[in-house]
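Please read it alongside the sequence and the coordinates.

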Amino acid sequence: MALFMLTKFVYLGDQEIEYLCRQMYRQFLHDALESSGRLDAADLPTEIQRVIASTRFYHLGGPGESGGYVLYLFRQQSKIPIHLVLNPLKEALPASNLCFVDDLSLSGEQARDYLDSLPKVPRDRTTLLFMAVTSIAKDLLTREGFKVIAPIVIDEKETKLGAASGMILDCGLELRGVATEAELRRFAEEYGRLAWSGFPMGFKALGLALGLHHNTPDDTLPIFWSDVNWFPIMPRHPKVEGGVVPEERYFV
Amino acid sequence: MPDHVFARIWDLETTGRSRLSKNYDLFIGGCGSDTRAYSALRSLVKKRTSLGEVLLLDFAQRSSAIVDASERAQYDSYESIGPRIKVQSCSPLESRDMRGIGSELLGLPSGAKVALDISVLTKPYIFAVMRAISEIPGLGFVHVLYTEPGRYLHTPSGTYPFSKGPYRVVDIPGFAGRLSGPKDVLLVLLLGFEGSASKAVFEELTPAKVVPVNGFPSYLLHYKDESIVQNDPLFEQVAAIEDLQFAPAANPFETFNVLGDLKKEADQLQLSLVISPIGPKPMALGAALFCLHHPEARVVYPMPASYEGKVSTDLGKSWLYEVEFPTASLPGKSSAG
Amino acid sequence: MSLRSDTSYRNPFEDQNALQMNPSRVYDLYCDPKPLLDRGEADFFREKAIFFEGSRGCGKTMVLRHLSFEVQSIAAKENGVRLLDHIQAKGGVGFYLRIDNARLLSFQGPKRPRIPWARLFEHYFELSVATSFVQLLQLLQSRREIDPDDLGRKIARSIGDVLGTEVPFESFQEIDHHIFQELRKVEDFINLSPYREVQFNPTRAFRIGSLTGELPRLICHLVEPLADAKFLILIDEFENFSEAQQRALNSLIRSAGPNLGFRLAMRREGLKTLGTTRPSETLRANSDFRRATFKDVLVKEGEYRTFLERLADKRLARVPFFVEAGLTSIRKILGEEDDEEEARRLIERKKDKTLHFESLKLAYTDPEIAKLKESLRCPANPLLEQLNILYLLRGRDATEIQRSMTEYLRAVEAGKRTHRGSTAPKLDGTKYGWDYIHKYKLALLFRLTFAYKAQKEYYGFNVFCFLSSGIPRNFINLCKTAFHQAQFTLSEEEFKKLGTIPPDIQAEAARKEAEVELTNIASIFQFANELSWLAKNLGTVFAEYHRDPYLRYPETNTLALDPGSLDDYNSSVLRAAVMNSVIQPKRREQKSGPGLSILPNYTLNRLLCPVFNISYRTRGGILERYSDSEFGRMCREEGVPPHHLPAAYRRSARRLAAGRPGQVPQHGQQSTLDDAFETQRR
């Protein structure tokens, strides 16, 4: 069962992530031109210059979080001039259009909470640009008044070991000699409970099987990333919260 | 002749709705028992879009493969959609004579509006219909509609037999490329879920270089890996995975752009560009559009021995693509005359 | 090799398809295929027409490409001579043409009375060949063997006359451009005609032979060193041509002048017609053309093995890693099979090292078996134990067997201590020794693997030669996979130190290739289903003979068929099976059994042996003989059980066939057939 689950894990490697950054940029442009009614303009390159020049790009979340890393890749792939890429904690938000960049938004709550903490984010001029969102997160953030763009939108039926997740096949796993659907859920949950009793199926029980080359989100099933009782096949690098500095050994 | 185009793509759930015309002189679609077969047509009728003529392509071999009564009912349900639906019988295994479709199009006035639903057309017919449409004088653009499947159906062993081999590799009529170009080939495979089909193409053409293009992002998250896994028979034979490229499965314009880059590479290496659209239909559409602009590119397709009846279930996202044809004559249109 | 890739290492067998090789590579790797054909390279340049027939991978493309001017120009350069002189010395040069099947099908467009597709194809063919002529002339000019201002211009003008241009050509470039434009007209017609009515207006329409007949004559006349040269049209994959297209080529062959020759490569049964475009005219064998058939199934012939060795060693010699390590002999790298060692290795891995004695339950009780084990064991050579078991099942006396074995072992021991020579005792001097060495050894090893539900290991240079089934590309693929497996299993240092690829790695490669071959059968365009079942059913039947504890007919792997007795459908299936090398005809017909008539014999493609765990050798004895209806059943799921095994055995085989047709028990799987035996009593 574990091996079967592993074969259904979706891993986004560095090449795919770079490609997603390019797609994020192109979708952003398409949307900006569409919204301003300039998609049919005769001189598209000029329009594109105008859109970029009137936008400021920020990472979603703190500088040491994944948003900063993704913004770096995004800037490289899109070739956006560096002066347009700013730090939201250091500089006052200007009157132009804003674009926040991050890798994933799976519940939407973290992004919402972060944006709420910033002073005066003009929601009607703010675009949230992700590599992947769930439809749940997209709906939540859209209701909050933001525009959400992502090349990958994970439908609800793909979450929680749903019918379209690839993990549960419509032919029945028992026909493939693996397990019944109930057995697979139980298996994932039992191991998940060992790892994270609060969310044995991952954060908000999203039950994803998704990882990126720079990290594995905690919405993914803990059986993949937890190191509580075993060596994880897809390690996760959690944020260290609080004031305790992890012990390091130094060789003098 | 452009190597890159800007994407003119809209989500029909949101911004695309307002982009649709209030009337179309001609709507072309296909018959099928997939849930999505008539979804676009139904939506247009529901919106009270004025449709001058509706032409559905009825693929005989696909229809005869249906044994299930509910699938048959679904296949025939176009009869209840609206008036003036003309059904043209065609063979999915044979598209060498497209004059029948051409005659439907020739009667259209200049500046006519055409909608084409490619959701259940076979890929050779996507190319053939696009070619036929491109011959209409004064046609500015065509609205191409596509409904993603909710998910594809598969066997207990995890394969996706949309068709059954053995496969016979053929040129798609009208897209035979150049007889006089370089002999060595750069083969671009738009990956699908049928590995034996791509292997058949590879073995037939014995290319100097193979570039697989994977539909990513894919309709469902895990499909981007399925196409790699299902094409293992090919990747065992040739180390093409190192040259893997991406294009979003639902965005034909990005496929166009990728082909533009590969065309440049082929020219530099003095290779003929040959494309095989085994993957998602929007990617095939992008390839068709590219080849209309670059007739030196050749398109080959692995014709199966037979097609399956129903290959998908439920509905996924719906898309509108605004495909422009140049107002000037396309290359190769009339030089044989 | 470790994951760090060494720049000098690469798999010497990576490129196995001659179609994908550049001319230099073809030149480097070419070996005269004389062992595979009745005549060799010396004849290839001078004859009028040769039809090379053979399986996929037998080397037809390599031969044709070698004859092409692109490759011969490299040969001329290597020999430091002018290309013109080289061509003169050889007697000719060729123009290689491969039109893929998809392209050929384009010339069978929509059926409309006013489009003579066959004529269009002839026109296209003539222009394609003309292009090759021009390319040769351009090459000669670039090598300064033709002066562009003098002879070059003369030739260009003459060719222009033939092409029917109004303005005379002054250069080869102008001819090239003109042909390019004419081909564009063909392209546009092909691309537009499915969509609308179009007209085809070439400058001049060429019938078959109008250019290909004239150009050689013209060039021979104008270019003095080529006065007696033969220009060879080298057509690959001729089996893909439609009948009409083949007729056009046949017409060309029939009417060809002395300066034009043809080399056509095709699969067996690929020639659809000997007819031409003229009614009731046909090509005459040995007069208009000669058939050169690549031999298949060269089991014993040393020449074939030497050919493969040369082929492989050439490749090794071109990879610096192997040269530096002194590993340039494929025979050394693959080594030789060692049946005794393999048997020991097999048993070493098992907990119960006497499991093979269980088959004695067919004739003995458990206490009897325990006693027999004591006296007839030979742990140093489990194959002798297996021979003893066979003798016991056949009713021989245990004491007698033990005495014979002891005598044999003594001779082996003595052989070790004395030098070779007439005084050394012959190991096969006794019946026991003879049976063991010459009759049963390999069969005993197969029996042992079945007893332990293991797979026979297929490894060693000789075995790979056998498995290649007379098809050089199979051998190259086996080596490719073996080297590939070795690359990921051994470090570079280990490989260099060992100097060989270990048997288990080779065996894995052989198994993998066998599975690929079986999968490939399912992709054959015609009769894929029938051919798949035929292969699986034959393999299963032969496996039953190998599993027979009595070894009534050891290593049976050949069938007999009378093609004349088959109905039309089965005849077509048989033809397809032969054409695609699913089964291969043996050169000599033989009796299918005592008192039976002589019939054509066929073997299953040897490459499939690892899937079914059967022998790759040819033995005498019994053949499976099929009637028309039985052959039909063998091409369907039902199959036919082995004819020459007892009824009780057959019942078990039918159960096996009904449950899992075509499947051979995998390693670790329970064999229903062995189970059946365990419950039988003699």
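## Domains of chain A

Chain A is split by the domain assignment into domain 1 (2–11 + 158–225) and domain 2 (13–156); such bounds come from an automatic or database domain assignment. The C-alpha centres of domain 1 of chain A and domain 2 of chain A are 29 Å apart. Where they meet, 15 residues of domain 1 of chain A are in contact with 13 residues of domain 2 of chain A. Two residues are in contact if their C-beta atoms, placed from the backbone, lie within 7 Å. On the domain 1 side of this contact in chain A there are seven nonpolar, five polar and three charged residues. Here Ala, Val, Leu, Ile, Met, Phe, Trp, Tyr, Cys and Pro count as nonpolar, Asp, Glu, Lys and Arg as charged, and the others, Gly among them, as polar.

## Basis of the model

This is a predicted model, in which local features need pLDDT of at least 70, side-chain atom pairs count only at pLDDT 80 or more, and totals for chains, interfaces and linings use all residues. Residues are numbered from 1 along each chain as its sequence is written, while chains are lettered from A and ligands numbered from 1 in the order in which they are written.

## Strands of chain A

Strand E3 (residues 97–105) of chain A is mostly covered, with nine of its nine residues buried. A residue is buried if 20 or more other C-beta atoms lie within 10 Å of its own, exposed if 12 or fewer, and partly exposed in between, with C-beta atoms placed from the backbone. Helices (H or I, at least four residues) and strands (E, at least two) are DSSP runs, numbered from the N terminus.

E3(A) pairs in the parallel sense with strand E2 (residues 55–59) of chain A over five bridges, and A:Leu98 in E3(A) stands opposite A:Arg56. E3(A) also pairs in the parallel sense with strand E4 (residues 126–134) of chain A, over seven bridges. There, A:Ser105 has A:Val133 in E4(A) as its bridge partner. Two strands pair if DSSP finds at least two bridges between them.

## Chain B as a whole

Chain B contains eleven helices and 15 strands. Its radius of gyration is 19 Å, close to the 20 Å that the globule rule gives for 337 residues, so chain B is as compact as a globular protein of that length. The radius is taken over C-alpha atoms, and the globule rule is 2.2 Å times the number of residues to the power 0.38. Along the principal axes, the C-alpha atoms of chain B fill a box of roughly 50 × 50 × 35 Å. Of the 337 residues in chain B, 55% are buried. Among contacts in chain B with a separation of 6 or more, 86% join residues 24 or more positions apart.

The average pLDDT of chain B is 87, and 92% of the residues score at least 70; pLDDT is the predictor's confidence in each residue, from 0 to 100. Residues 328–337 of chain B have pLDDT below 50, and this stretch has 18 contacts in the model beyond near neighbours in sequence. Where pLDDT is low, the predicted coordinates should not be read in detail.

## Domains of chain B

Chain B is divided into domain 1 (9–155 + 311–324) and domain 2 (163–307). Their centres, taken over C-alpha atoms, are separated by 23 Å. The contact takes 28 residues from domain 1 of chain B and 24 residues from domain 2 of chain B.

Which element gives the most to the side of domain 1 of chain B that touches domain 2 of chain B? H6(B) does, with eight residues. The elements that each supply at least two residues to this side are helix H3 (60–64), H6, strand E6 (141–152) and strand E15 (312–324) of chain B. The residues of this side divide into 18 nonpolar, four polar and six charged.

Between chains B and A, the contact takes 16 residues from chain B and 19 residues from chain A. The chain B side consists of nine nonpolar, five polar and two charged residues.

Between chains B and C, the contact takes 32 residues from chain B and 33 residues from chain C. On the chain B side, helix H5 (99–106), helix H6 (123–134), strand E8 (168–171) and helix H7 (195–205) give two or more residues. This side divides into 14 nonpolar, nine polar and nine charged residues.

## Chain C and Arg204

Chain C has 29 helices and eleven strands, and 46% of its 682 residues count as buried.

C:Arg204 lies in the loop between helix H9 (172–192) and helix H10 (214–222) of chain C. C:Arg204 counts as exposed because it has 12 C-beta neighbours inside 10 Å. Leaving aside neighbours within four places in sequence, C:Arg204 is in contact with C:Leu163 and C:Gly164. C:Arg204 and C:Thr165 are 39 residues apart in sequence, and 8.4 Å apart in space from C-alpha to C-alpha.
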